[in-house]
Amino acid sequence: GPVAVALGVGDMVLPPVPFFVEQPLLAVKGSLRNWLVALDADTGETLWKSEERRWPTVTAAGERDAHNLADGKACWPDNQAIPVIAGDGTVYAASGHSGDLRAIRDKDGDGVISPLEVSTFAPEKCFLNSPSLAPGMLVAAPCWGPTYVFKA
């Protein structure tokens with residue numbers, strides 16, 4: 001296939017805010033949305049896109065949980081961590097909203113991502129940083145830990 005670039009686009013989260021501040025924002029905007037978009041690196045043409053589940057709050061997953069004060073008060077991630085593309089074309093996307101870590105691959109090459117082409121791991125903690133790949137291994141560390149290691 002073509003050389004691809006993957007990027008996350010979507011709504012930004014806010015640091016933890018009181019519910020009386022959040023509710024008017026959600027009344028106007030609705031739930032937060034995020035997409036992963038794969039583009040042909042030469043032409044900029046969209047190869048495929050995949051929307052993650054909508055997030056019902058303006059604060060990222062885990063931000064309102066109790067934390068070790070040495071870690072700070074908030075992670076305040078971007079809408080998504082920088083995606084990683086594996087050699088087989090699988091794109092690993094880590095959500096700054098829900099904390100979902102998704103493995104996405106257009107297996108049939110039709111430009112449409114079906115539910116069967118997405119695998120999701122949900123640690124329920126937002127991600128600030130990108131997952132990492134090594135031979136036979138994927139490592140991901142959401143805000144507020146722990147670190148997850150997946151071996152092939």
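Strands here are DSSP runs of E of at least two residues, and helices are runs of H or I of at least four, all numbered from the N terminus. The model is a predicted one, so local features need pLDDT of at least 70 and side-chain atom pairs count only at pLDDT 80 or more, while totals for chains, interfaces and linings use all residues. Residue numbers start from 1 along each chain as its sequence is written, and side-chain values use heavy atoms, with hydrogens and water left out.

Four strands make up an open sheet in the order β4-β5-β6-β7, with antiparallel pairing; two strands count as paired if DSSP finds at least two bridges between them. β4 and β7 sit at the edges with a single partner strand each, so one side of each has no neighbour in the sheet. Further in, β5 is joined to β6 by four bridges, and the two run antiparallel. One of the pairs across this join is Val91 with Ile104 of β6. On to the next pair: β6, residues 101–104, is also linked to β7 by four bridges, again antiparallel, and here Leu101 stands opposite Phe121 in β7.

What covers the two faces of β6? In a regular strand, side chains alternate between the two faces of the sheet. Buried is used for a relative accessible area under 20%, exposed for over 50%, and partly exposed for anything in between, with a 1.4 Å probe and protein chains only.

β5 and β6 also form a hairpin, with six residues between them, and Gly99 in the turn has a positive phi of about 85 degrees. Ala94 belongs to β5, which spans residues 91–94, and is buried at a relative accessible area of 0%. Contact here means heavy atoms within 4.5 Å. Leaving aside neighbours within four places in sequence, Ala94 is in contact with Gln80, Ala81, Asp100, Leu101, Phe127, Asn129 and Pro131. Val84 is ten residues from Ala94 along the chain, and their C-alpha atoms are separated by 9.2 Å.

His97 lies in the loop between β5 and β6, and its relative accessible area of 0% makes it buried too.

Now for the cysteines. A disulfide is a covalent bond between the sulfur atoms of two cysteines, taken here as a pair of those atoms within 2.5 Å. The structure holds one: Cys75 and Cys143, with their sulfur atoms 1.8 Å apart. Cys75 is in the loop between β3 and β4 and Cys143 in the loop between β9 and β10, so the pair ties together parts that are 68 residues apart in sequence. Both Cys75 and Cys143 are buried. Cys126 is in no disulfide, and the nearest cysteine sulfur, that of Cys143, is 3.7 Å away. Cys126 likewise counts as buried, at 0% relative accessibility.

A few backbone details are found in loops. Trp76, in the loop between β3 (46–51) and β4 (84–85), has a positive phi near 50 degrees despite not being glycine, and counts as partly exposed at 49% relative accessibility. Glu124, in the loop between β7 (118–121) and β8 (132–134), is another non-glycine with a positive phi, about 60 degrees; at 54% relative accessibility, Glu124 counts as exposed. Finally, a cis peptide bond joins Gly145 and Pro146, with omega about 0 degrees. Pro146 is found in the loop between β9 (137–140) and β10 (148–151).
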